[in-house]
Amino acid sequence: QVQLIDSGGGLVQAGGSLRLSCTASGRTFNNYVMAWFRQAPGKEREFVGSVIWRLGLTSYADSVKGRFTITRDNVKNTGYLQMDSLKPEDTALYSCAARAPGKSEYAYWGQGTQVTVSS
């Protein structure tokens, strides 16, 4: 079992930056994939980006590519989503998730953290 704790959301002006954190506990995380998803009111949840923990390989949605960066700290078992050049359309509830090795679905989820970008 893996537990995920989201943190770091807040209110920021357009063009500003925020960094979200996701700390994993409960099991060796080395072979997992950590990802962030977001959901704005009235919209479907969408994929933001992910990192293959062991390799540090990242992928991003087109809507955030070049603005958002995922890094991870193996010692702290914490992933980070650095969000720069934020836009009002980035406003959403952001949740981190984890996918176990060999699995296709994200079975573990954090509680989510709100990001609000004002224009």
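## A stop-by-stop tour

Begin by selecting Glu46, which is partly exposed with a relative accessible area of 33%, where partly exposed is the range between buried (under 20% relative accessible area) and exposed (over 50%), computed with a 1.4 Å probe on protein chains only. Before going further, note that this is a predicted model, in which local features need pLDDT of at least 70 and side-chain atom pairs count only at pLDDT 80 or more, while totals for chains, interfaces and linings use all residues. Residues are numbered from 1 along each chain as its sequence is written, and side-chain values use heavy atoms, with hydrogens and water left out.

Side chains of opposite charge can pair when their charged atoms come close. Arg38 counts as buried, at 6% relative accessibility.

From Arg38, move on to Asp90, its partner in a salt bridge whose closest N and O atoms are 2.9 Å apart. Arg38 lies in strand S4 (residues 33–39) and Asp90 in the loop between S8 and strand S9 (92–99), so the pair ties together parts that are 52 residues apart in sequence; strands here are DSSP runs of E with at least two residues, numbered from the N terminus. Asp90 counts as buried, at 1% relative accessibility.

Now select Arg67, whose side chain meets that of Asp90 in a salt bridge (2.7 Å, N to O). This pair also links distant parts of the chain, with Arg67 in the loop between strand S6 (57–60) and strand S7 (68–73), 23 residues apart from Asp90. At 11% relative accessibility, Arg67 counts as buried. Show the four residues together, and you have Arg38, Glu46, Arg67 and Asp90 linked in a network of salt bridges; a search of the whole structure finds four salt bridges.

For the last stop, select Thr78, which is placed in strand S8 (residues 78–83) and counts as buried at 5% relative accessibility. Which side chain makes a polar contact with the side chain of Thr78? The partner is the side chain of Thr23, at 2.9 Å, a polar contact being a pair of N or O atoms within 3.5 Å, of which, within protein, one must be able to donate a hydrogen and the other to accept it, and residues adjacent in sequence count only if both atoms are side-chain atoms.

Conventions: Helices (H or I, at least four residues) and strands (E, at least two) are DSSP runs, numbered from the N terminus.
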